[in-house]
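Please look over the model shown here.

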Amino acid sequence: MTPIVTPAEMAVIDAAAPEPVEELIERAGAALARTALDMMGGGYGRRVTVLAGKGNNGADGRAAAQRLRRRGVRVAVVDAADAPDSLPAAHLAIDAAYGTGLRRPYSPPEPASSLDNPDQAAPILAADIPSGVDGLTGEIPGHAWAAAQTVTFGALKPGLILHPGAQHCGRITVAPIGLDVSRARTHLVTADDVGRWLPVRPAVAHKWKTACWVIAGSPGMTGAAHLAATGALRGGSGYVRLSTPGLDAADLLAGSAAPTEAVGWPLPADDWASVVDADELARFKSVLVGPGLGRHPSTVQAVRDLVAQVPLPLVVDGDGLSALGPDAPDLLTQRTAPTVLTPHDGEYRILTGTAPDADRFAAARSLAAATGALVLLKGPTTVVAHPSGDALAVTSGDARLATAGTGDVLAGLICGLLSTGAEPMHATATAAWLHGQAATACPLAAMAASDLLSSLPRVWEAVVQQRAVR
């Protein structure tokens with residue numbers, strides 16, 4: 001996995017490096033220069049403008065300028081503190097004004113015009129992070145250039161992958177410069193990671209080895225139940241039992257609440273948790289509760305009772321999270337089996353009383369520590385936090401997921417992967433990554449949540465084939 005460290009953590013890592021800071025700056029400058037030459041297709045006859053600040057970030061830019069000059073590039077270095085309104089025209093501009101530690105609003109000058117196309121700005125290469133982007137939160141209190149590429153040193157920084165900062169970074173490359181980042185507690189999930197974590201169905205498998213129970217939907221609102229149950233099937237469950245409190249099995253099938261492959265199982269409208277007893281749960285490996293259940297007081301109580309009594313990995317989503325509310329820590333810390341919470345920002349507020357902080361890694365960690373549960377905090381960058389403090393980031397999706405029902409698919413997908421026996425944190429992050437990849441495999445316009453269900457097998461298969469090649 002690709003490590004992610006905060007600016008404060010990186011300052012400690014820098015200070016502990018055995019090499020002098022001058023050596024680290026030379027290595028960073030070399031990485032910038034190599035990328036600049038690649039972006040320009042060489043150095044002969046090319047011009048570069050470097051906007052350099054007074055700190056180490058500016059020193060990295062000046063070191064790159066020296067190396068580029070040795071390759072025949074004509075370089076203009078502009079002091080960020082005294083920068084004119086317009087910068088010298090160039091084939092490429094290097095943003096080395098301010099690094100990850102900047103906390104005040106920043107307004108850069110107008111970008112240098114391009115010598116290749118005077119009607120456009122020159123492409124921008126950012127050193128470590130685009131100047132003006134908060135390295136911890138991704139916030140931009142002032143303004144920032146939009147880089148075509150960013151070379152960051154040693155490890156990713158949260159501000160590079162949290163929005164809106166992520167939208168200003170372009171292609172991101174992590175340049176190893178000899179820093180020890182092995183103790184990072186946060187990592188970015190990649191396709192290679194998912195390839196290692198995906199379960200393989202054994203030759204002696206049968207459907208009950210990976211059975212899960214989905215309790216979702218309510219009379220008149222069965223779409224969430226259908227999406228969640230199908231998501232569980234796509235996540236590897238060999239047998240999915242679907243229950244919608246208040247609907248009998250015939251109503252489930254007649255109303256198309258259950259996918260063809262799911263087995264409808266009736267639950268009463270009230271006090272249904274008492275029916276989900278140990279004998280009924282004995283053959284199952286995971287449970288999902290919440291999507292589309294509604295918020296009737298009897299439903300709230302049933303969800304709470306279920307959470308207290310289910311001895312299996314449990315995913316709580318949607319209305320299930322609302323049922324837990326601010327009592328979630330008291331209700332969940334008594335559980336002995338893994339629990340996964342999947343809040344968006346509004347549900348996070350219901351659970352905690354406040355919206356997530358701009359530092360979304362800290363927000364997810366805080367809720368995980370309070371509840372003893374894995375927390376998947378949804379957003380443009382999805383954060384999965386473990387109660388221990390470890391966290392994973394998933395950036396595979398995009399705005400296509402901003403449509404009703406996609407969260408139901410994700411919850412089912414997590415439950416399906418848990419039913420295979422996958423390690424819970426890996427299962428949760430794998431589901432989020434597959435979910436995002438499935439969205440980006442769909443058309444850009446008019447994607448519906450159900451489109452994810454047909455896209456997921458192709459995405460899964462692509463990862464399996466890549467794993468086989470490696």
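What follows covers the model, a helix pair, the cysteines and some backbone angles.

## The model

This is a predicted model: local features need pLDDT of at least 70, side-chain atom pairs count only at pLDDT 80 or more, and totals for chains, interfaces and linings use all residues. Residues are numbered from 1 along each chain as its sequence is written, and side-chain values use heavy atoms, with hydrogens and water left out.

Helices (H or I, at least four residues) and strands (E, at least two) are DSSP runs, numbered from the N terminus.

## Helices α12 and α13

Helix α12 spans residues 345-352, and helix α13 spans residues 360-371. Their axes come within 11 Å and cross at roughly 45°. Axes are lines fitted to C-alpha atoms, for helices over the stretch in contact, and angles run from 0 to 180 degrees between N-to-C directions. The two helices are therefore oblique to each other. Angles under 35 degrees count as roughly parallel, over 145 as roughly antiparallel, 65 to 115 as roughly perpendicular and the rest as oblique. The crossing of α12 past α13 is left-handed, meaning that the near helix is turned anticlockwise from the far one by less than a right angle.

Which residues meet in α12 and α13? From α12 come Asp 345, Tyr 348, Leu 351 and Thr 352; from α13 come Arg 360, Ala 363, Ser 366 and Leu 367. Contact means heavy atoms within 4.5 Å. By class, the contact has four nonpolar, two polar and two charged residues. Ala, Val, Leu, Ile, Met, Phe, Trp, Tyr, Cys and Pro count as nonpolar, Asp, Glu, Lys and Arg as charged, and the others, Gly among them, as polar.

## Cysteines

The structure holds zero disulfides (a disulfide is a pair of cysteine sulfur atoms within 2.5 Å).

Cys 212 is buried, at 0% relative accessibility. Cys 415 is also buried, at 0%. Buried means under 20% relative accessible area, exposed over 50%, partly exposed in between (1.4 Å probe, protein chains only).

## Backbone exceptions

Most residues other than glycine have a negative phi, and most peptide bonds are trans. His 163 and Pro 164 are joined by a cis peptide bond, with omega about 10°. Pro 164 sits in the loop between α4 (158-161) and β7 (171-175).

Asp 271 has a positive phi, near 50°. Its loop runs between β11 (263-264) and α8 (278-281). Ala 446 has a positive phi of about 60°. Ala 446 lies between α15 (424-440) and α16 (449-469) and is exposed, at 78% relative accessible area.
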